[in-house]
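Here are some exercises on rings, charges and backbone angles, each with a worked solution. Have a look at the structure first, then try each task before you read on.

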Amino acid sequence: MSNMGNTGGAYGQNQPPRGGSRKKRRKNRAASVMNTISYLVFILGVSLLLSAVAIYVANDVFAFVKPEKKVMLDLEGSQTPAQMASILKEEGVIRCKWAFVLYTKLANDGQSFKTGKFEVDADMDYGQIINTLNRVPTYTETVAVTIPEGYTLKQIAQLLEDARVCGAEDILNTAETYPFKHQMLQNIPMEEPNRLEGYLYPDTYEFYINDNPVRVVNAMLNNFNNKYTEEMRQLTENSGLSMRQILTIASMIEREAVLPEEQARISGVIYNRLNNMDAYPHLDIDATVQYALGEHKESLTYADLEVDSPYNTYKVVGLPQGPICNPGIPAVLAALRPESHEYYFYVADPETKGHLFARNNAEHEENVAAMRAKAGN
């Protein structure tokens, strides 16, 4: 029996204390929690890193946030996508060589780039860069082209053709079908005709003879984007209107006001009508009818005023579908800062090129009769 007792005593000495077991389990649970937290932190870190990389690459591919930097490339031999990517990165046009190579394989079947002189800009997206590098290189002679304020897309296209920059049809087709990536255009449907009207900034440009239409249109869009300042964007937001609506108002001001000092006053008339649409559902602006007709007429007929068009403000309620020309900055500022008054009508003075303004229809009819008499009608 004593031997059994010794054995039992030895067995009892090998059993771990119950308190020690609980401590070990707590340590295991704590280690497990720490491992889980470490794993989650790792996953979060990887996700943030991947998100940052994705944003960085997207900015490069679509040129969302890139500085304007023009670079002339003189390629003395054909270049593979990888070689072209290295050149573009070295010149500061792109940041991600591998992304450009991948994009080229997907969008350009991995084709090599030809010999020639090409001008590219850092604020072009990859598609625009590839399109420019794929054209027939003919950049040898440049020409300065001045686009007047108030020109329509069609007038700009014809002006560029007359200057031997691009064919008018090429410009119009590019404006209608090319998917420009500018943020200001993203809410305008691709299928909408004249969707770039209002965004082609009137200025003096230097283009190449037989230039690439995508590059030409992109230069005007980039210029507009740079000229539409942060202050103007803030005023646009404060107005409660979209940039396109402001440009639509500015385009009507541009076409209606011959005298610069009348722009803000005409803007006030437009806003007065927009803010009192129960009484004045139609803006009744002749310039929108001219745009709808596709031609400029010295005087409109009653039949002209009936033209079925989303631009005819004698028929549509409120603003027309979009801008009717490409306004300059003064007209845009007038649209953002209309003059405060009680005028709802105006009629052109054939001698001064200014306008007579009226508060009501009776005053307006008197002004119209006086201007007709002055014109000899």
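**Exercise 1. Which residues do ring pairs link into a cluster?**

Step 1: Ring pairs link Phe100, Tyr103, Phe113 and Tyr126 into a cluster. Rings of Phe, Tyr and Trp (its six-membered ring) pair if their centres lie within 6.5 Å; planes under 30 degrees apart count as stacked, over 60 as edge-to-face and the rest as tilted.

Step 2: Keep the ground rules in mind. This is a predicted model, where local features need pLDDT of at least 70 and side-chain atom pairs count only at pLDDT 80 or more, while totals for chains, interfaces and linings use all residues. Residues are numbered from 1 along each chain as its sequence is written, and side-chain values use heavy atoms, with hydrogens and water left out.

**Exercise 2. Find how many aromatic pairs the whole structure has, and classify two of them.**

Step 1: The search of the whole structure gives 12 aromatic pairs.

Step 2: One of them joins phenylalanine 224 and tyrosine 228, with 5.4 Å centre to centre and 40° between the planes, a tilted pair. Phenylalanine 224 is buried at 4% relative accessibility, and tyrosine 228 is buried at 2%. (Buried means under 20% relative accessible area, exposed over 50% and partly exposed in between, with a 1.4 Å probe and protein chains only.)

Step 3: Now take tyrosine 291 and tyrosine 311: their ring centres are 4.8 Å apart and their planes meet at 65°, so this pair is edge-to-face. Tyrosine 291 belongs to helix 12 and tyrosine 311 to the loop between helix 12 and helix 13 (329–336), so the pair ties together parts that are 20 residues apart in sequence. Helices (H or I, at least four residues) and strands (E, at least two) are DSSP runs, numbered from the N terminus. Both tyrosine 291 and tyrosine 311 are buried.

**Exercise 3. Which ring does arginine 273 lie over?**

Step 1: Recall the test: NZ of Lys or CZ of Arg must be within 6 Å of the ring centre and within 35 degrees of the ring normal.

Step 2: Arginine 273 lies over the face of phenylalanine 345, 4.8 Å from the ring centre. Likewise, arginine 265 lies over the face of phenylalanine 357, at 5.5 Å.

**Exercise 4. Where is asparagine 210 found, and what is its phi?**

Step 1: Asparagine 210 is in the loop between strand 4 (204–208) and helix 8 (213–227).

Step 2: Its phi is near 60°, a positive value in a residue other than glycine. Most residues other than glycine have a negative phi.

Step 3: Asparagine 210 is partly exposed, at 45% relative accessible area.
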